[in-house]
Structure formats: structure tokens, C-alpha cells
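Please read this briefing alongside the sequence and the model. The points below are grouped by topic.

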Amino acid sequence: MKIRWGVIGCGGIARRRTIPGLCHAENAELIAVMDTNAAFAEEVKTEFGAKYAFSDLESLLQVEEIDAVYIATPVFCHKEQAMAAARAGKHVLLEKPMGITSAEAEEIKASCDTAGVRLSIGLMMRFHAYHEEIKRLLAEKAIGDIVSIRAQFACWYPDMEGVWRQNKALSGGGALVDLGVHCIDLIQYVTGLRPVEVAAFADTQTFHYNVDDSTALMMRMENGAMAYVESNFNIPDDAVTGKIEIYGTGGSIVADGTLAQEEVGTVRMFKSNMTDYDAAQTRSGIKASNITVPTGNMYTKEVERFGAAILTGGQVPVPAEEAIFTQKVVEAAYRSSAEKRFITL
């Protein structure tokens, strides 16, 4: 059995990644696409072989054969569209962040709960095969007790007129809410640890829009480990790899280039049996083992696993409550920067 899909907002990430991934999913069928630009919607319909193309939300939601919708519109549209989909009885895969605020996100979740439809959030980095392998290794205590974590996600996003991501009223924030949110979620996902306290600096350092282009976030995790997230809109794409580093009492795992829209990158694990202090702190003999696992398509896995949850009644792959908590971490970070103090979650 297949879940029949409608896509709301079929440009950007939807056309580039999610729709192609959906079309390869074994339990999915693309029925309709929607964009406010009717000609563009028709173009995407033809490209991917959908049955229908619409330029308004209501027309898509009235199609009875659609079981679920993927919403990839600008953040300021999420609340209205997700709640309308829930009222129409459609299951919802919603891009991150869920809403402009965590309060909006909670309204969306409540609407889906009331309507009895399933809701999962588009934090697709969880489905990267290397990230899933890192999660497995950490669960096995492969590097001992976790004490320190670092993650960096950046791109070049200069001033552009009329871009919603560069307008706080339409996006909810800048580099942290757009890029850093993946790091915050992924750190929690692979370690199984939640942050309990945050401190941050969020600035518009290079450009002129009213959202942050540079953010440094420090989180104290529930086991006492320190986690650092750096997110930037002002570092050229070809000057940063997008990495995660996790350090423990028995070694470390370093993932380089895995924070991407494809399942790429490298992962190395450094193991140690040190028990005594080495005053010389010699590092010339450090050896790493390369971690390799079969890779695929994060977006296909995202769609397939949500579809499986719908069909079987199992847990959705990215529960809304986890995405809401991550959004509260982002909000706490912005408060910390504005008020120049630590924020307890």
C-alpha cells in the first residue's frame, strides 16, 4: 500500500530534494503539487509526473485521494497551512522550523492531535546513514562518556531584496533558526542528551538584514557535557565543510562534510585506552579508523519512514514535541544573546 502525497510549496528544497526523494520511495505516490505561481506548479507537475497542479491550498486539500501533504513553504505560512491540512484529514510532513515561534508550533501539534492525523517534522539530517551510525556507536559507549560536542553549519547568504529568510517577521530568525537548528537537533538525536542551559551570541556581523548572520551557541547537556554550535550565513560554502565532533573519555568521533543535503562526508573514530597523565602530550601516534556504511537518500528515507508510521500506526520518525523543544532552545539562545545571560531550559 502506498501513501498518496500532495506537496504544498513545490519550489526550493521540495523540487531540489524532497520530491525526487519521494518519487523513489517504495510506499509513496505523488498526486499533486501546489505553488502560488500556477505556471511553475504546472512545470513541476510535468517534471515529476504528478496528476494535478494547483495555485491555491484549498484546491489541493479538496483532493480526496491525497493521504498526506509535505509542506515546504516559507515559515510564516506553516501554521495556517498545516492546520488547514489537519482539518482536511491529511497527515502532515512539515519542514523545519515548525513555526515562527514555539507557541505556533504547539498550536500546529494540537491541531493535528485534535484531527487525528500524524505529524512529523522535516529534520532530514537524522536520516543520513553516517549520523545513524554515529548514534549507534555512541549508544554502545564506543568512545566512553561524552564530555564535549562541536558542530558547525554555514553558507554564504548575502543581502537580497524580498527574501523571506532575511526578514525576522517572516522567518523567526536567521542562521541559527535555519542552519543551527539542524545541529541542535542532531546533537540531541545522536547522543540521546538534552540541553538544560544555554548561552549564546547572535549578531548580524557582515550583512544588513534584521536576522543573525553569525551565531555561537553553548549548551550544557543533561549529563554535564558541553556542546558548541556555530551557524553562519557569512562564510562561503566552499570554505566550510559542515562537521560534527563528539569527544568522550575513551576517544572521539569526527564527522566531516555530513551536514549537507546529500549523504556525503567522512567519519573517523579515534579510540584511546589512556589511564595515566602524559606530561609530554605527544600526539604523533594518533590513529583513526574510518567508519563506512552504505549511503542512500535522506529524503527518500524521511518519506518512507513517515509513510510506514502512517500505515502501521507506529511512531513518526521526527515527533513534533522534539522539534518544539529544539525551537525552544533556539528561542532561549536568542534571549541569552539579547539579555546577555545564561538561560535555563
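In this predicted model, strand 1 (residues 3–8) and strand 2 (residues 28–34) are paired in the parallel sense, with six bridges between them, and Trp5 has Leu30 of strand 2 as its bridge partner. Strand 2 is largely enclosed by the rest of the structure, because six of its seven residues are buried.

**The parallel sheet**

- Strand 2 also runs parallel to strand 3 (residues 52–54), to which it is joined by three bridges, and within this pairing Val33 stands opposite Ala53 of strand 3.
- From strand 2 the chain reaches strand 3 by way of helix 2 (residues 38–48), and this β-α-β crossover is right-handed.
- These strands belong to an open sheet of six strands with parallel pairing, in which the order is 3-2-1-4-5-6.
- The edges of the sheet are formed by strand 3 and strand 6 (119–122), each of which pairs on one side only.
- On average, and with direction ignored, neighbouring strands of this sheet are turned by 25 degrees against each other.
- Strand 5 (residues 91–95) and strand 6 run parallel and are joined by four bridges, with Glu95 having Gly122 of strand 6 as its bridge partner.
- Helix 1 packs on the sheet, where it touches strand 1, strand 2, strand 4 (68–71) and strand 5, and its direction makes about 150 degrees with that of strand 2.

**The nonpolar core**

- The largest nonpolar core has 115 residues, and the members that touch the most other members are Trp5, Met98 and Met219.
- Helix 8 (residues 175–191) supplies the largest share of this core, namely 10 residues.
- Which residues are in contact with Met98, once its neighbours within four places in sequence are left aside? They are His78, Ala105, Ile108, Leu119, Ile121, Ala320, Ala323, Ile324 and Gln327.

**Ala82 in helix 4**

- Ala82 is part of helix 4 (residues 75–87), and this residue counts as buried because its relative accessibility is 0%, where the limit for buried is under 20%.
- When neighbours within four places in sequence are left aside, the contacts of Ala82 are Ile71, Val92, Leu94 and Ile108.
- Ala82 and Ala169 lie 87 residues apart along the chain, and their C-alpha atoms are separated by 19 Å.

**Ser214 and its surroundings**

- Ser214 is placed in strand 9 (residues 214–221), and with a relative accessibility of 9% this residue counts as buried.
- The side chain of Ser214 makes a polar contact of 2.8 Å with the side chain of Asp213, and another polar contact, also of 2.8 Å, links the side chain of Ser214 with the side chain of Asn234.
- Not counting residues up to four places away in sequence, Ser214 touches Phe201, Ala202, Asp203, Gln205, Ser231, Asn232 and Asn234.

- Strands of a sheet pair through backbone hydrogen bonds, and the pairing can be either parallel or antiparallel.
- Gln281 and Ile8 are 273 residues apart in sequence, and the distance between them in space, taken from C-alpha to C-alpha, is 56 Å.

Note on methods:
Residues are numbered from 1 along each chain as its sequence is written. This is a predicted model: local features need pLDDT of at least 70, side-chain atom pairs count only at pLDDT 80 or more; totals for chains, interfaces and linings use all residues. Side-chain values use heavy atoms; hydrogens and water are left out. Helices (H or I, at least four residues) and strands (E, at least two) are DSSP runs, numbered from the N terminus. Buried means under 20% relative accessible area, exposed over 50%, partly exposed in between (1.4 Å probe, protein chains only). A polar contact is a pair of N or O atoms within 3.5 Å; within protein, one must be able to donate a hydrogen and the other to accept it, and residues adjacent in sequence count only if both atoms are side-chain atoms. Contact means heavy atoms within 4.5 Å. A nonpolar core is a set of buried Ala, Val, Leu, Ile, Met, Phe, Trp, Tyr and Cys residues joined through side-chain atoms within 4.5 Å. Two strands pair if DSSP finds at least two bridges between them. A crossover is right-handed if, with the strands pointing away from the viewer, the path from the first strand over the helix to the second runs clockwise. Axes are lines fitted to C-alpha atoms, for helices over the stretch in contact, and angles run from 0 to 180 degrees between N-to-C directions.
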